[in-house]
Amino acid sequence: MNKLMTLWMILLATFILTGCAPKEVMVSGDKLVSKGKYHEAATVYAEAVDQDDRTQRNNLLWYLNSGLAYHFDGNVSASTTAFDESEWLIKHFQEQLVGSDIGQGTASVLVNDTTRPYFGTQYDG
């Protein structure tokens with residue numbers, strides 16, 4: 001019984017410590033922003049972008065953060081480029097949702113609205 005309890009405690013501690021661990025890039029970039037080192041923070045965020053897969057979901061976060069850091073640094077062209085990339089990604093993800101939304105809309109008309117999964121909206125944040 002004691003070994004089982006010890007195993008459960010180890011599994012629980014592992015889950016707690018790794019389940020909500022922040023990304024190193026985000027932490028290091030946030031530290032640089034808090035010190036006013038916007039150019040270095042923008043570089044950290046920009047390096048986190050996955051150049052091989054343009055539609056990687058995390059790229060949106062990195063483009064938005066780098067664009068804001070470049071904006072604070074006064075680098076308008078780099079900021080605009082990063083925000084343009086993030087806007088392209090948002091449009092890409094919305095276009096993917098439209099295709100699935102048509103099928104879900106048809107199912108909700110034929111059956112009922114409970115067949116549709118819930119997607120949060122901007123004001124839910």
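Because the structure is predicted, local features are reported only at pLDDT of at least 70 and side-chain atom pairs only at pLDDT 80 or more, whereas totals for chains, interfaces and linings use all residues. Residues are numbered from 1 along each chain as its sequence is written, and side-chain values use heavy atoms, with hydrogens and water left out.

The chain contains five helices and zero strands, where helices (H or I, at least four residues) and strands (E, at least two) are DSSP runs numbered from the N terminus. Along the sequence the pattern is accordingly written α-α-α-α-α. Of the 125 residues, 20% are buried; buried denotes a relative accessible area under 20%, exposed over 50%, and partly exposed the range in between (1.4 Å probe, protein chains only). The accessible surface of the chain amounts to about 9400 Å², of which carbon and sulfur atoms supply 62%. These areas come from the Shrake-Rupley method with a 1.4 Å probe, and for residues only the protein chains shown count as cover. Among contacts (heavy atoms within 4.5 Å) between residues at least 6 apart in sequence, 40% join residues at least 24 apart.

In helix α3, residues Ala41, Ala42 and Tyr45 are buried. They lie on the same side of α3, because the arc that they cover around the axis is only 100°; this arc is that of the directions from the helix axis to the C-beta atoms. The cover over the buried residues of α3 includes α2 (24-34) and α4.

The largest nonpolar core comprises 13 residues, and those with the most contacts inside it are Ala41, Tyr45, Ala69 and Leu89. Helices α3, α4 and α5 each contribute at least two residues to this core, with α4 giving the most, namely five. A nonpolar core is here a set of buried Ala, Val, Leu, Ile, Met, Phe, Trp, Tyr and Cys residues joined through side-chain atoms within 4.5 Å. In soluble globular proteins, nonpolar side chains tend to be buried together. When neighbours within four places in sequence are set aside, leucine 89 is in contact with Arg54, Thr55, Asn59, Leu60 and Tyr63.

Tryptophan 62 is located in helix α4 and, at 4% relative accessibility, is buried. Residues up to four places away in sequence not being counted, tryptophan 62 touches Lys23, Val25, Met26, Tyr45, Ala48 and Val49. The C-alpha atoms of tryptophan 62 and serine 86 are 8.6 Å apart, although the two residues are separated by 24 residues in sequence.

Two salt bridges are found in the whole structure, the criterion being a side-chain nitrogen of Lys or Arg within 4 Å of a carboxyl oxygen of Asp or Glu. One joins glutamate 85 to arginine 54, with 3.2 Å between the closest N and O atoms. Glutamate 85 belongs to helix α5 (residues 76-110) and arginine 54 to the loop between α3 (38-47) and α4 (57-73), so this pair ties together parts that are 31 residues apart in sequence. Arginine 54 is partly exposed, at 38% relative accessibility.

The salt bridge between lysine 91 and glutamate 87 has an N to O distance of 3.6 Å. Both residues lie in helix α5, and because they are four residues apart, about one helical turn separates them. Lysine 91 is partly exposed, with a relative accessible area of 46%, and glutamate 87 is likewise partly exposed, at 42%.
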